[in-house]
Amino acid sequence: MTIRIEAMRPSDVVRCAELEQVLFPEDDPWHEVSFLSELAGPHNRYITACDDDDRMVGYAGIALLGTLEHPEAEIHTIGVDPELHRAGIGTLLLEALLAEAGRRGGPVFLEVRTDNTPAIALYEKHGFHIIGLRKNYYQPSGADAYTMRRPELTGFPQDAGFVQEAGSANEVLS
């Protein structure tokens, strides 16, 4: 399977909202209007992962914050179709977000449920460390979240955009 990573379009928000309902039913999943609002933010970058049949199988978003002298970024969301969990799509999405943040520089922050062991492992593999605990962060479930931080890294390509085509997800992870 080939996965394409590309910039999210307004027409993608219907599928994003569908995946949110499946992925995060207990924690106030985002609706179409939420994604449209995020897309409108000038400091936000949202991407999708599409398969060979042009079906969206994942999405992710990051906010590029701070100043040019003191940049930082915050990952807002990563979601992958449950039928394709553990196929490397989350890794591709995360790496695309980190490349975007790397072009600006600065640390990257995120929150993750404390019980989401696979996501925590993925983030740790990419240089994130737990720096704090947010009690009752996710609502309405009341689930706790870790705040994680990845320090500034350098060496990302300056001219690469979000459109990225990878071989099979399994090959990318091998």
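Residues are numbered from 1 along each chain as its sequence is written, and side-chain values use heavy atoms, with hydrogens and water left out. Because the model is predicted, local features need pLDDT of at least 70 and side-chain atom pairs count only at pLDDT 80 or more, while totals for chains, interfaces and linings use all residues.

Start with the whole chain. The protein chain holds five helices and eight strands. Both kinds of element are DSSP runs, numbered from the N terminus: helices are H or I with at least four residues, strands are E with at least two. From the N terminus on, their order is β-α-α-β-β-β-α-β-α-β-β-β-α. The protein chain has 174 residues, and 48% of them are buried. Buried means under 20% relative accessible area, exposed means over 50%, and partly exposed lies in between (1.4 Å probe, protein chains only). Contacts tell about the fold too. A contact means heavy atoms within 4.5 Å. Of the contacts in the protein chain with a separation of 6 or more, 62% are between residues 24 or more positions apart.

Now look at two helices. Helix α1 covers residues 13-23, and helix α2 covers residues 32-40. They pack at an angle of about 125 degrees, with their axes 8 Å apart. Axes here are lines fitted to C-alpha atoms, for helices over the stretch in contact, and angles run from 0 to 180 degrees between N-to-C directions. The two helices α1 and α2 are therefore oblique to each other. Angles under 35 degrees count as roughly parallel, over 145 as roughly antiparallel, 65 to 115 as roughly perpendicular, and the rest as oblique. The crossing of α1 and α2 is right-handed. A crossing gets that name if the near helix is turned clockwise from the far one by less than a right angle, and is left-handed if anticlockwise.

Which residues of α1 and α2 make the contact? From α1 come Val13, Val14, Cys16, Ala17 and Glu20. From α2 come Glu32, Phe35, Leu36 and Leu39. By class, the contact of α1 with α2 has seven nonpolar residues, two charged ones and no polar ones. Ala, Val, Leu, Ile, Met, Phe, Trp, Tyr, Cys and Pro count as nonpolar, Asp, Glu, Lys and Arg as charged, and the others, Gly among them, as polar.

Next, move to the loop between β2 (44-50) and β3 (56-66), where Asp52 lies. Asp52 counts as exposed, at 53% relative accessibility. Leaving aside neighbours within four places in sequence, Asp52 is in contact with Met1 and Thr2. Asp52 and Thr2 are 50 residues apart along the chain, yet their C-alpha atoms are separated by 5.7 Å. A polar atom of the Asp52 side chain lies 3.1 Å from the backbone nitrogen of Thr2.

Asp54 is found in the loop between β2 and β3. Asp54 is exposed, with a relative accessible area of 53%. Its backbone stands out: Asp54 has a positive phi of about 65 degrees although it is not a glycine. Asn136, in strand β6, also is not a glycine and has a positive phi, of about 55 degrees. Asn136 is partly exposed, at 47% relative accessible area. Most residues other than glycine have a negative phi, and most peptide bonds are trans. A cis peptide bond joins Gln139 and Pro140, with omega about 10 degrees. Pro140 sits in the loop between β6 (129-138) and β7 (143-150).

Is Asp81 buried or exposed? Asp81 is buried, with a relative accessible area of 6%. Asp81 is found in the loop between β4 and α3. Not counting residues up to four places away in sequence, Asp81 touches Arg15, Leu19, Arg55 and Val57. The side chains of Asp81 and Arg55 are joined by a polar contact of 3.2 Å. Such a contact is a pair of N or O atoms within 3.5 Å; within protein, one must be able to donate a hydrogen and the other to accept it, and residues adjacent in sequence count only if both atoms are side-chain atoms.

Finish with Glu100, in helix α3 (residues 89-104). Glu100 counts as buried, at 14% relative accessibility. Its side chain makes a polar contact of 2.5 Å with the side chain of Arg103.
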